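Please examine the sequence and the structure shown here before reading on.

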Amino acid sequence: ALELPVPEVVFASVDAELGRNEGDPEIRELLQASLGNNLAMDFLPGAAMFDPAARDPVDPVTASRTVWFDAFITNVDRTARNPNLLSWHRSLYLIDHGAALYFHHDWGDLETRARTRFPMIRDHVLLPWAENLEAADAWLRPRLTRAVLEQILQQVPDDWLVTEAAAGTPDARRAGYLNYFLARLEAAPSFVEEALHARARLV
């Protein structure tokens, strides 16, 4: 929805037969834990993890939009230690957002959580190149309308929304996410300001 550079993502079903003859117990355990519907990401052959020390090229527009996006989704895991960025054909691709939206592990006080300035943005690996944060905000925020967010949430399978740790109906969970995202968008000026202050301390 935001036209950020991510490998193609699709739903993929993992069958029990897939890991049946796998000799490595670690891989076999992973396959067995992944039975059913999964989110699969396109393989980028020859891609390497982004390394700021290697002087990999960084587009300031992409950097700014990625920093904004990660502040919006409260992604704590795009740091120099673990960039979760692939460099492929001299372009960056965003991967592995498993550490984002950490509120969904504990749904208490969503309103306060949604309005966090997200000070951890100071550790973002692309912050030094994020020269256009205000322009990124102006470009990205209008694209996340209520209708777009509702459409995204409708694509999430019901059984991913209701688990032992997450009671309620799938639609109730979707409503919770929607309210969180809308409140997060209202808080955009504060997390953009936080990112601007963090970047100013770097230069």
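The largest pocket of this predicted model holds about 1,800 Å³ of space. Its lining comprises 42 residues, of which L39, H97, L101, I152 and V156 are the closest to the centre. Two or more lining residues come from each of β1, β2, α2, α5, α6 and α7. The greatest contribution to the lining is that of α5, which supplies 5 residues.

| Helix | Residues |
|---|---|
| α2 | 60-72 |
| α5 | 146-154 |
| α6 | 158-161 |
| α7 | 170-186 |

Attention now turns to the surface. A nonpolar patch is formed there by V9, F11, L39, M41 and W160, which together have about 470 Å² of accessible area. The elements giving two or more residues to this nonpolar patch are β1, spanning 9-14, and β2, spanning 36-41.

Helix α1 covers residues 25-33 and is hardly covered itself: among its 9 residues, the count of buried residues is 0. The N-terminal end of α1 is capped by D24, with a side-chain oxygen of D24 placed 2.8 Å from the backbone nitrogen of E26.

Note on methods: Residues numbered from 1 in each chain as written. Predicted model: local features only at pLDDT ≥ 70, side-chain atom pairs only at ≥ 80, totals over all residues. Heavy atoms only, no water. Patch = residues over 30% accessible without salt bridge, like charges linked within 9 Å, V, L, I, M, F, W, Y side chains within 5 Å. Areas by Shrake-Rupley, 256 points an atom, 1.4 Å probe, with all protein chains shown as cover. Salt bridge = Lys/Arg side-chain N within 4 Å of Asp/Glu carboxyl O. Helix = DSSP H or I, 4+ residues; strand = E, 2+ residues; numbered from the N terminus. Buried < 20%, exposed > 50% of the residue type's maximum accessible area, 1.4 Å probe, protein only. Polar contact = N/O pair within 3.5 Å; in protein donor to acceptor, adjacent residues only side chain to side chain. 1 Å grid on protein atoms, 1.4 Å probe; cavity = no way out; pocket = protein on both sides within 12 Å on 5 of 7 lines; lining within 4 Å. Points joined across faces, edges and corners; volume = space filled by probe spheres on them.
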